[in-house]
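Please read it beside the coordinates.

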Amino acid sequence: MSGKKTSSHIKPVLLLASAALLLVFSTVGSARAALVYYSENYAAEVTVSSIGVTLTENGEKVGFRDYTHKNDQWNETEGTLLSNLLAEGETLEPGREYPEKLAVANSGTIDTYVRVIIKKSWVDQEGKDTTLSPELIDLHFTGNGWVIDENASTRERTVLYYTKSIAPGETTADITDTLRIDPAITGKIKETVTEKDGYQTVTTAYEYDGYSLYLEAEADAVQTHSAQEAIKSAWGVDVIISPDKSLSLR
């Protein structure tokens with residue numbers, strides 16, 4: 001947290017200008033894109049196939065986890081989100097929309113259903129700060145083929161399921177399309193007034209100054225074979241699979 005001393009007679013318009021200036025120097029942090037698969041026992045039942053899931057950001061692969069039956073092993077890598085959000089020398093502007101298109105590709109050889117868990121928060125040098133609102137990190141969900149599990153979601157975490165099965169080589173519709181910092185962040189200030197030798201000093205502390213945006217996405221997949229049982233085992237939820245293979249939550 002940082003503060004700026006100003007004498008008490010400075011006009012409010014200058015204090016507002018100072019607030020905007022300090023926010024210009026706020027930073028954007030990056031977080032790993034974790035990819036996991038929780039139902040390896042079901043993968044073992046499919047003896048001639050492999051299952052795989054890849055997370056993409058703005059059309060680029062950022063991480064994947066693929067199982068190959070032939071070698072009986074997992075091939076995986078974890079990437080970093082938001083690494084290309086800002087151009088070199090560019091600063092984050094509250095209120096501006098930045099492209100943030102997240103999607104999931106089927107990098108295996110069998111049809112799958114996928115789930116994604118997205119977490120957002122604020123962090124500083126000491127780690128995550130739960131007193132700062134993650135809702136000021138406005139990640140826009142498209143709703144295009146994705147359903148949010150409201151019972152499993154919180155202000156910080158959103159759990160989503162894709163309602164269609166994904167064939168090998170196919171990619172889901174975008175989960176999100178833009179990222180925006182709510183401009184209300186500029187009003188998050190604390191002021192303290194001290195008096196010495198007849199003069200007042202106003203110290204303004206900006207609640208989000210020195211903090212970084214934290215975003216994490218986790219994707220996992222379950223094969224369509226015995227899907228209801230596999231999803232219950234892997235994700236602990238009851239779903240309905242329609243004759244057209246579309247998925248809905250009970």
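1. Among contacts in the chain with a separation of 6 or more, 69% are between residues 24 or more positions apart; contact here means heavy atoms within 4.5 Å. The chain contains 3 helices and 18 strands, taken as DSSP runs numbered from the N terminus, with helices (H or I) of at least four residues and strands (E) of at least two. Of its 250 residues, 42% count as buried, where buried is under 20% relative accessible area, exposed is over 50% and partly exposed is in between (1.4 Å probe, protein chains only).

2. On the basis of the note: this is a predicted model, in which local features need pLDDT of at least 70 and side-chain atom pairs count only at pLDDT 80 or more, while totals for chains, interfaces and linings use all residues. Residues are numbered from 1 along each chain as its sequence is written, and side-chain values use heavy atoms, with hydrogens and water left out.

3. The largest nonpolar core has 37 residues, of which Val104, Ile118, Trp122, Trp146, Ile175 and Leu213 touch the most other members. Strands that each supply at least two residues of this core include E3 (52–57), E4 (60–68), E7 (97–105), E8 (112–124), E10 (137–141), E12 (157–162), E13 (176–181) and E16 (212–223). E16 gives the most, with 5 residues. Apart from this core lies another, of 13 residues, among them Ile231, Trp235, Val237 and Leu247. A nonpolar core is a set of buried Ala, Val, Leu, Ile, Met, Phe, Trp, Tyr and Cys residues joined through side-chain atoms within 4.5 Å.

4. Which strands pair with E7? E7 and E3 pair in the antiparallel sense over 4 bridges, with Thr56 opposite Ala103 in E7. E7 and E13 also pair in the antiparallel sense over 4 bridges, and there Leu102 stands opposite Thr176 in E13. Two strands pair if DSSP finds at least two bridges between them.

5. E12 deserves a separate entry. In E12, 5 of the 6 residues are buried, so this strand is largely enclosed by the rest of the structure. E8 and E12 run antiparallel and are joined by 5 bridges; Arg115 has Tyr161 in E12 as its bridge partner. Strand E11 (residues 146–148) pairs with E12 in the antiparallel sense over 3 bridges, and the bridge partner of Val147 in E12 is Tyr161.

6. The largest pocket has a volume of about 150 Å³. Its lining consists of Glu57, Asn58, Glu60, Val62, Thr80, Leu82, Ser83, Asn84, Leu85, Pro99 and Glu100. E4 and E7 are the elements that give two or more residues to this lining. By class, the lining divides into 4 nonpolar, 4 polar and 3 charged residues, with Ala, Val, Leu, Ile, Met, Phe, Trp, Tyr, Cys and Pro counted as nonpolar, Asp, Glu, Lys and Arg as charged, and the others, Gly among them, as polar. A pocket is an open set of points on a 1 Å grid over the protein atoms alone, where a 1.4 Å probe fits, with protein on both sides within 12 Å along at least five of seven lines; lining residues have an atom within 4 Å of a point. Grid points are joined across faces, edges and corners, and the volume is the space filled by probe spheres set on the points.

7. Most residues other than glycine have a negative phi. Asn58 has a positive phi, near 55°; Asn58 sits in the loop between E3 and E4, is partly exposed at 37% relative accessibility, and is one of the residues lining the largest pocket. Ser226 has a positive phi as well, near 50°. Ser226 lies in the loop between E16 and helix H3 (227–235) and, at 31% relative accessibility, is partly exposed.

8. Not counting residues up to four places away in sequence, Gly108 touches Ser50, Ile51, Gly52 and Pro168. Gly108 and Tyr67 are 41 residues apart in sequence, with 7.5 Å from C-alpha to C-alpha.

9. Thr186 is in the loop between E13 and strand E14 (189–196) and is partly exposed, at 35% relative accessibility. The C-alpha atoms of Thr186 and Tyr208 are separated by 8.7 Å, for residues 22 apart along the chain.
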